[in-house]
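These notes are meant for a colleague who is opening this structure for the first time. Please read them with the sequence and the model side by side.

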Amino acid sequence: MSLRLVVADEVARALAAGGPVVALETTLISHGFSGGRGAAVARAAEEQVRAHGAVPATVGIIGGAIRVGLAPAELDAFAAAGTAARKAGARDLAACAVQGALGATTVGGTLAVCRRAGIRFMGTGGIGGVHRGFAHSLDISADLPQLARTEAVVVCSGAKSILDVPATAELLETLGIPVLGWQTATMPLFYTADGGPAVSATVPDAAQAARIAAAHWQLSPGRGLLLARPPAGGIELSALIDQAVDRVRQAGVTGQAVTPAVLAMVEELSGGASVAVNERLIADNAALAAEVAVAAAQPPAGSSA
């Protein structure tokens with residue numbers, strides 16, 4: 001059996017022409033928001049990508065095929081399925097496709113598809129990383145090794161603050177993944193703009209981010225970068241996050257179920273305030289990913305192209 005990779009016509013045309021394309025994940029649709037609200041968040045992210053001059057390529061597994069570029073009804077299907085959709089990291093893509101499962105791609109799963117499709121830019125909320133208590137559980141997100149082997153810029157608001165962010169930053173350094181701060185010297189903490197570890201470099205605009213990415217890929221082919229954008233209207237939720245992590249741990253939740261369980265608990269404990277921040281930062285990050293993709297698609301200064 002050959003893998004079915006179905007690239008939407010609009011995405012295929014943009015890639016063939018060397019145009020700007022931004023990948024988006026589907027786990028945030030099915031697992032990131034309760035009550036089916038993920039579809040509206042996904043549409044807002046796609047609209048921001050288009051508004052800033054790029055083509056959105058939302059990735060998901062439907063009907064035995066890995067699809068790059070989804071129709072509105074397909075976004076709705078992921079939202080309607082909710083956590084019944086299979087959370088698809090890189091390890092799960094083949095099984096989801098062969099078994100005909102509805103697979104919602106994580107950051108790592110989306111990056112694996114980006115490698116196959118030739119997409120170099122992605123927007124998301126926050127990446128996975130080193131979980132709290134990792135010394136006992138060895139729980140480290142598969143997003144990180146996928147970043148280390150995918151030639152792509154991932155625009156995010158740092159690692160999810162439910163994680164051990166300093167340990168995640170250390171592992172990113174070990175893997176040789178630059179963390180560029182979008183007009184900031186520290187890695188944002190997802191819901192909070194300040195207080196994270198120092199970034200490897202601060203960038204003032206999309207054009208410089210694109211130039212750094214191009215130079216990085218010459219030196220380290222096949223290795224990704226993070227562009228960390230502080231969330232607008234961020235809020236301090238560290239005490240609630242600690243409480244949510246503790247409750248989920250006591251409930252015995254493990255593996256891929258931890259992150260959606262903790263996010264749902266944070267939503268409950270914050271009275272929904274966390275959701276408003278999350279919705280906005282996803283759209284803002286998609287917009288910035290589009291800006292960088294557009295900058296990267298421009299001919300070099302002085303070129304006759």
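Predicted model: local features only at pLDDT ≥ 70, side-chain atom pairs only at ≥ 80, totals over all residues.

1. Residues are numbered from 1 along each chain as its sequence is written, and side-chain values use heavy atoms, with hydrogens and water left out.

2. Leu227 is also among the residues with the most contacts inside the largest nonpolar core, together with Val22, Ile127 and Leu147, and that core has 98 residues. Helix H13 (residues 273-297) gives the most to this core, with 10 residues. A nonpolar core here is a set of buried Ala, Val, Leu, Ile, Met, Phe, Trp, Tyr and Cys residues joined through side-chain atoms within 4.5 Å; helices (H or I, at least four residues) and strands (E, at least two) are DSSP runs, numbered from the N terminus.

3. Strand E8 (residues 153-156) is covered on both faces, with Val153 and Val155 buried on one side and Val154 and Cys156 buried on the other; buried means under 20% relative accessible area, exposed over 50%, and partly exposed in between (1.4 Å probe, protein chains only). Strand E7 (residues 121-123) runs parallel to E8 and is joined to it by three bridges, with Gly123 having Val155 as its bridge partner. E8 is in turn joined to strand E11 (residues 225-228) by four bridges, again in parallel, and Cys156 stands opposite Ala228 there. Two strands count as paired if DSSP finds at least two bridges between them.

4. Elsewhere, strand E4 (residues 65-68) pairs with strand E1 (residues 5-7) in the parallel sense over three bridges, and Val6 stands opposite Arg67. E4 also pairs with strand E3 (residues 55-62), in the antiparallel sense and over four bridges, where Val59 stands opposite Val68. The hairpin of E3 and E4 has two residues between the strands, and Gly63 takes a positive phi near 60 degrees in it.

5. How many aromatic pairs does the structure hold? There are two, given that rings of Phe, Tyr and Trp (its six-membered ring) pair if their centres lie within 6.5 Å, with planes under 30 degrees apart counted as stacked, over 60 as edge-to-face and the rest as tilted. Phe121 and Trp217 form an edge-to-face pair, 6.3 Å centre to centre and with 65 degrees between the planes. This pair links distant parts of the chain, with Phe121 in E7 and Trp217 in helix H10 (residues 206-219), 96 residues apart. Phe121 is buried at a relative accessible area of 9%, and Trp217 counts as buried at 8%. Phe190 and Tyr191 have ring centres 4.7 Å apart and planes at 65 degrees, so their pair is edge-to-face; Phe190 and Tyr191 are both buried.
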